[in-house]
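Have a go at each task before reading its solution.

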Amino acid sequence: MQENKQKKPIHPAKVYLAAYPAMKKRLEDLKEELEYIRETATRATSRMTAERVSGTSMKDGMANAVIKGIETEERLQRTINNLSEALTVRLMLIEEMEDEWEKLILTERYINGRSWNNIFRRIPYERAKVFIIHGEALEHFWGIYQKHQSVD
């Protein structure tokens, strides 16, 4: 007979911070995509002419394509700006914490993506103590996060 073990809920601070590496990667990918769009637009516009072929709307079609490209670029830039801001907020919230060991653990684990073994090597405490500090750090971080949420 198996016992029904309930999983401990994941701390919301852990979920919030754990998104950092994926968001950072996505930001890098979007910046690359934006650069590709800009390069493609530059190549396309260098071949365009302003002459209109009699009886056709080729010039208007090209103009519409350029406008759509610019709108796409602007939307992509807004997304990049939002992601960049979300990453910065996480860093700033960690920096507001008082305890340097807590800051270090959260930064190493969630911002730098280090394994627990690497973290254990950097911190002069027993494993159990590191996990206790980590738990306290999540609580302190989440308190700071919620304080900022209530202000907004």
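**Exercise 1.** Is S84 buried, partly exposed or exposed?

*Solution.* Start with the scale: buried means under 20% relative accessible area, exposed over 50%, and partly exposed in between, using a 1.4 Å probe and protein chains only. S84 has a relative accessibility of 31%, so S84 counts as partly exposed. Helices here are DSSP runs of H or I with at least four residues, strands are runs of E with at least two, and numbering starts at the N terminus. Finally, look across the chain: M23 is 61 residues from S84 in sequence, with 8.6 Å between their C-alpha atoms.

A word on the model before going on: it is predicted, so local features need pLDDT of at least 70 and side-chain atom pairs count only at pLDDT 80 or more, while totals for chains, interfaces and linings use all residues. Residues are numbered from 1 along each chain as its sequence is written, and side-chain values use heavy atoms, with hydrogens and water left out.

**Exercise 2.** Which residues does R26 touch, not counting those up to four places away in sequence?

*Solution.* First, find R26 in helix α2, residues 20-47. With contact meaning heavy atoms within 4.5 Å, R26 touches T79 and L83. I80 is 54 residues from R26 in sequence, and their C-alpha atoms are 8.9 Å apart. R26 is partly exposed, because its relative accessible area is 45%.

**Exercise 3.** Is H134 buried or exposed, and what is H134 in contact with beyond four places in sequence?

*Solution.* H134 belongs to helix α6. Its relative accessibility is 6%, so H134 counts as buried. Its contacts are K14, I105, L106, Y110 and W116. Now widen the view to the helix: the buried residues of α6 also include V130, I133, A137, L138 and F141. An α-helix has 3.6 residues a turn, so residues three or four places apart point the same way.

**Exercise 4.** Which helix gives the most to the lining of the second largest pocket?

*Solution.* A pocket is an open set of points on a 1 Å grid over the protein atoms alone, where a 1.4 Å probe fits, with protein on both sides within 12 Å along at least five of seven lines; lining residues have an atom within 4 Å of a point. The lining consists of K8, P9, I10, H11, K14, F131, H134, G135, L138 and E139. Helix α6, residues 127-151, gives the most, with 5 residues.

**Exercise 5.** How many helices and strands does the protein have, and what share of its residues is buried?

*Solution.* Count the elements: there are 6 helices and 0 strands. From the N terminus, the order is α-α-α-α-α-α. Then take burial: 25% of the 152 residues are buried. As for contacts with a separation of 6 or more, 69% join residues 24 or more positions apart.
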